[in-house]
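Hi there,

I'm passing on the structure we talked about, with a few notes to go with it. Have a look when you get a moment.

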Amino acid sequence: MPSPLRGGFGRGWRITLPPSPNPSHPGRGNQREDNLMLKLKNIFLVFIFLGLWCSNSQAEEKKLNIVTTQTIFADLVKQLGGDKVNVKAIASPKFNIHFIQPTPSDVRAVTKADLYVNAGLDLEAWSDPLLEAVGNPELFRGRPRNVDLSSGITLLNVPTHVSRSEGDLHLFGNPHFQMNPENLKIMARTLVERLKIFDPQNAEYYEQNAQSFLKNLETKIEEWKNLCSHCRGQEILSYHEDIAYFAQFLGLKSEQFLEPKPGVPPTPQHLVFLEGYVKKNQIKAIVMPTYYPRAEANKLASKLGIKVVTICQGVGELPNTDNIITFFDYNVKAIQEALK
Ligand SMILES: [Zn+2]
């Protein structure tokens, strides 16, 4: 009986296939095998495709979902989180951060958030009602998934007692701390530590990004201080107390505001007082972001022959302010030119 195996070892093994079950169709058996192989091949390819799709989806799912109240915080998350995070800011920089009205899509976004990054204090008075609407206690104030960036910041204008008689806002101290680039260093440390806790696999990646961000920021801080060295000691008039930390950074004086108290619009009597104050203190500029009414500031400035200068409060508020560095670049240059 002939062996089904022909050829010796080293010349390749060959299996003799049984004869076609239907001699009238001698090629039919091979064709069936070819079809079977083709089907198996296709199934194999489908499994490979599904495997790749699933692994991509898992990689996508592994990204931390982070929602921030403001665009400047969102940019900080981008700088530190890179491609390991998805980030969305709730408030547009075109509007006053104190008075944002979150939408149902904001509620949906926060519902999916792994981390909620905010200023704490009472800057975003709408934040607690938003978190209540979301209903996830893990994101509430004081919980680890709620990243309060005021942590570790030395606050300005802290009242000796909490009272709304001093205005409707800033009850716990001035909450606009993101306007001092020095504070960004503290905020970056707060954020990176939380990223490392909730995504330990990428801890080293976040730390490296933070180091790189801080190094660049340090260089820019020196540049900004040098650019505006003549600003030190000069006084400005601001619409709202949101300028306090920027003034602190550049050594500017900022003691009077168009608002008589935070959140209270200018009154005729207060504007009369300011007219005398500006003359007496040789103030050269009124500073304000884009979203406050300009009429009173323009009127006062034109009467006194001084300038009204836009100082952004949010990343992306004006063109070419779309990240933390360009945001401060713009603001420092604006005040530097106004106070020449
Ligand atoms: Zn404010």
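Predicted model: local features only at pLDDT ≥ 70, side-chain atom pairs only at ≥ 80, totals over all residues.

Three strands form an open sheet in the order β5-β6-β7, and their pairing is parallel. At the edges sit β5 (237-238) and β7 (307-310), each of which pairs on one side only. Between β5 and β6 (residues 285-288), the parallel pairing runs over two bridges. If you want to find the spot on screen, go to Ser 238: its bridge partner in β6 is Val 287. Helix α10 (residues 324-338) lies across β6 and β7, and its direction makes an angle of about 170° with β7.

Helix α4

Which residues of helix α4 are buried? In this helix, which spans residues 127-134, they are Ser 127, Leu 130, Leu 131 and Val 134. These residues cover an arc of only 95° around the axis, so they are on the same side of α4. Pro 129 and Glu 132, on the other side of α4, are exposed.

And what covers the buried residues of α4? The cover includes α3 (104-111) and β3 (115-118). Just after α4 comes Gly 135, with a positive phi of about 80°.

Best wishes

Note on methods: Residues numbered from 1 in each chain as written. Pairing = 2+ DSSP bridges. Helix = DSSP H or I, 4+ residues; strand = E, 2+ residues; numbered from the N terminus. Contact = placed C-beta atoms within 7 Å. Axes fitted to C-alpha atoms, helices over the stretch in contact; angles between N-to-C directions. Buried ≥ 20, exposed ≤ 12 C-beta atoms within 10 Å, placed from the backbone. Arc of directions from axis to C-beta.
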